[in-house]
Amino acid sequence: MNACQPLGRTRHSPLTGVNYTGHISRLMHDIVARVPSLNFIDLDRVLVFARPGRTGADGPYASCHCLTLPDSDPGYFFWRDRQSGRITRRSDWFVTKSPRVAVDGAQIAYLISFAIPRFCDQSLTRSRKRTLYPEGTPAWVAKLDTVVHELYHIDPSGAGLRVFERADGQPSQSIHGPHFFEEVAAMVQHYLASAPDHELLEFLHDDFSGLVARYGGIAGLTFRPFPSYPRRYREVLDPQPAAPEIGEVQVTPLDTCGVATSFCETDLQMRQFFESGTRVAPAIAPPIAA
Ligand SMILES: [Zn+2]
């Protein structure tokens, strides 16, 4: 099987291209099979999706979003009078919850998003990560490093993002432990040394314009309405607890209308990505088997 399959043509659309998120998912299956410290990851509970992110603009190449975080403690917003400093009003009591995402009946625990075209244009030669790799490491390995980086954020307990300890044994406040980047680079090199099928990695070799030139376009799985995606949301408590310690002040209702709280396969959509902008991909490649 070719690593980069065409999206296919339809009578109504000239669209062809590479199913970029599909290829990332397929690569992830091979990575977790070959890297012992990532073996625990159940990729049936991980969904890869694409977000827009311009090359050269600030922002991450990719992000790991955990959907298993517990509800927050009840809370409320409050507003002070600028002059007196007195609290004049507050919101309803609310809790913050994780959205529910289920695809074909499988409950998703983690979402991993990739910013396109920014991720495609990532290069080791322009990255601080280059010092973690031997001289002569191909520039595209920066992208493989990012894929492993996001997988490494998944906590073995499945209950959030991985937590690290500081040198004194206390939990680190940083989501990147003291040796996080070195450990990721070591996993990447372990994976490459395991002689993976080069076809699994081929789609990482080209930058965005190179992919367009080679395959005619890039498409990725997205949530609709694009570019929104499942995020933590606030739910007003019903019944409301007693008035908080700040006493009786005016209560401003919290606007939670229109906030999507659960998602399924019908909320997913393939989109074609351009240097700037996207459009719905009318021809969708079948999911790529791992
Ligand atoms: Zn990170």
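Colleague: How many helices and strands does the protein chain have?
Modeller: The protein chain has 5 helices and 15 strands. Please bear in mind that this is a predicted model.

Colleague: And what box do the C-alpha atoms fill?
Modeller: Taken along the principal axes, the box is roughly 65 × 60 × 40 Å.

Colleague: What percentage of the 290 residues is buried?
Modeller: Buried residues make up 30% of the 290 in the protein chain.

Colleague: What share of the contacts with a separation of 6 or more comes from residues 24 or more positions apart?
Modeller: Such pairs account for 77% of those contacts in the protein chain.

Colleague: Let us turn to the nonpolar core. Which residues have the most contacts inside the largest one?
Modeller: They are I31, I116, V148 and L151, in a core of 57 residues. Helix α2, residues 141–152, gives the largest share of this core, with 7 residues. As general background, nonpolar side chains tend to be buried together in soluble globular proteins.

Colleague: Which residues is I116 in contact with, leaving aside its neighbours within four places in sequence?
Modeller: I116 is in contact with Y20, A50, P52, G53, I218, G220 and F273.

Colleague: Is the peptide bond from I116 to P117 cis or trans?
Modeller: That bond is cis, with omega near 10°. P117 itself belongs to strand β9, which covers residues 110–117.

Colleague: What about the bond from R224 to P225, cis or trans?
Modeller: The bond from R224 to P225 is cis as well, and its omega is near 0°. P225 sits in the loop between β10 (218–223) and β11 (233–236).

Colleague: Back to β9, then. In what order do the strands of the open sheet with β2, β9 and β3 run?
Modeller: The order is β2-β9-β3, and the pairing in this open sheet of 3 strands is mixed. Strands β2 (46–53) and β3 (62–66) stand at the edges; each has a single partner strand, so one side of each is left without a neighbour in the sheet. From one strand to the next, the twist averages 25°.

Colleague: Do β2 and β9 pair in the parallel or the antiparallel sense, and over how many bridges?
Modeller: They pair in the parallel sense over 8 bridges. In β9, I112 is the bridge partner of V48. Helix α1, residues 20–34, packs on the sheet and touches β2 and β9. The direction of helix α1 makes about 140° with that of β2.

Colleague: Now the open sheet with β8, β7 and β13: which strands stand at its edges?
Modeller: The order there is β8-β7-β13, with mixed pairing among the 3 strands. The edge strands are β8 and β13 (262–263); each has a single partner strand, so one side of each lacks a neighbour in the sheet. Strands β7 and β8 pair in the antiparallel sense over 2 bridges, and A106 in β8 is the bridge partner of V103.

Colleague: Where is D104 placed?
Modeller: D104 is in the loop between β7 (100–103) and β8 (106–107). Its phi is near 50°, a positive value in a residue other than glycine.

Colleague: Why does D104 count as exposed?
Modeller: D104 counts as exposed because it has 8 C-beta neighbours inside 10 Å, and the cut-off for exposed is 12 or fewer.

Colleague: And A195: what is its phi?
Modeller: The phi of A195 is positive, about 55°, although A195 is not a glycine. A195 lies in the loop between α3 (180–193) and α4 (198–201). With 8 C-beta neighbours inside 10 Å, A195 counts as exposed.

How values were computed: Residues are numbered from 1 along each chain as its sequence is written. This is a predicted model: local features need pLDDT of at least 70, side-chain atom pairs count only at pLDDT 80 or more; totals for chains, interfaces and linings use all residues. Helices (H or I, at least four residues) and strands (E, at least two) are DSSP runs, numbered from the N terminus. A residue is buried if 20 or more other C-beta atoms lie within 10 Å of its own, exposed if 12 or fewer, and partly exposed in between; C-beta atoms are placed from the backbone. Two residues are in contact if their C-beta atoms, placed from the backbone, lie within 7 Å. A nonpolar core is a set of buried Ala, Val, Leu, Ile, Met, Phe, Trp, Tyr and Cys residues joined through C-beta atoms within 7 Å. Two strands pair if DSSP finds at least two bridges between them. Axes are lines fitted to C-alpha atoms, for helices over the stretch in contact, and angles run from 0 to 180 degrees between N-to-C directions.
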